[in-house]
Amino acid sequence: FLTISIVPIILIFLVVNTTSIHLIKENILANDKISSKLITQAISGYISKFDSITNEIIWNTSLFNDIQRYETLTNQEKDIFNKELSKILRSRTTYISDIADFTIFNKELDVVYNEGVSYINHEVKLDKIATRLKNNKILSWTSIKNYDGNHIAITKPIKIDNHTYGYIFLAIKEKVILDMYRDYNASFDGCGLIVDDKKNIISINNLNIFEDKYKNEESTKIDILREIDKFTYIARIENRKVILTTKYISNASWTLIGIIPYDYIYSSCMDIYLIYALYIQRITYII
């Protein structure tokens, strides 16, 4: 009688549990699709503003000519050159406060213009330019760790008809990008991170769910266990099962990665587990 009474309950529990896990997972993924789309659109739109600033400078004939012959400019001409560049930057009043460093180099890598609240080390800028040249990239955003905080920088050649006449280095505060997705997956005890096309981490909104070695930016092993669709996976990170989602960010060659611990799904079913445990205990007691 005990067996006849409990077995159906267990079977019903297994069915309800499987259905509940599936529904919770589907709900999480549905919310992620909406959230990630809004976040990537916001970041892409914001990043494109700085690309337009650099293009405006590159295609300004007067500024372009002055960059080429900067060493021969008189003090008065240099003053006009600086004022024109400053005018372009300050015309973007919404974004000027987000710029940590803005530097223009000529083709000999001499500085012809520099402006910023938190100047990035000169050697770091040259290294970023050298890296871009090595990779032959026209546009690339990378992460820079600095003494006064993290920054995200773009290095862009001043190039016309396959001839390079100089370089633009522009760094913005990582906090600005981070604020756009700070709460991403927070309600799921998860996190979001942005990586570049080389899988280097640009920004991350929560390190607490990872092991210490991940916090120290050492290699972290990600094992893909199963593909749900082209952009969604069941994975294992540092022996922790997670749901991993990806969403491309245009204008920067970045990818937004969402990570949700799988145990969040089980914890969401705790009420179901508790009800069934009490029910089985009650049936056993009656019998």
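In strand 9, A235 is the bridge partner of I224. The model described here is predicted. The points below are grouped by topic.

**Strands 8 and 9**
- Strand 8 (residues 222–229) and strand 9 (residues 232–237) run antiparallel and are joined by six bridges.

- T232 is placed in strand 9.
- T232 counts as buried because its relative accessibility is 3%, where buried means under 20%.
- With neighbours within four places in sequence left aside, T232 is in contact with L29, K33, E227, I243, L244 and T245.

**Strands 4 and 5**
- Antiparallel pairing over 10 bridges links strand 4 (residues 149–160) with strand 5 (residues 163–173).
- H151 has K173 of strand 5 standing opposite.
- Two residues lie between strand 4 and strand 5 in their hairpin, and D161 in the turn has a positive phi of about 55°.

**Largest nonpolar core**
- The largest nonpolar core has 41 residues, of which I104, W141 and W254 touch the most other members.
- Helix 1 (residues 2–58) gives the most to this core, contributing eight residues.
- Not counting residues up to four places away in sequence, I104 touches I57, I67, L85, D110, V111, V112, Y113, I158, Y167 and I168.
- In soluble globular proteins, nonpolar side chains tend to be buried together.

Conventions: Residues numbered from 1 in each chain as written. Predicted model: local features only at pLDDT ≥ 70, side-chain atom pairs only at ≥ 80, totals over all residues. Heavy atoms only, no water. Pairing = 2+ DSSP bridges. Helix = DSSP H or I, 4+ residues; strand = E, 2+ residues; numbered from the N terminus. Buried < 20%, exposed > 50% of the residue type's maximum accessible area, 1.4 Å probe, protein only. Contact = heavy atoms within 4.5 Å. Core = buried A, V, L, I, M, F, W, Y, C linked by side-chain atoms within 4.5 Å.
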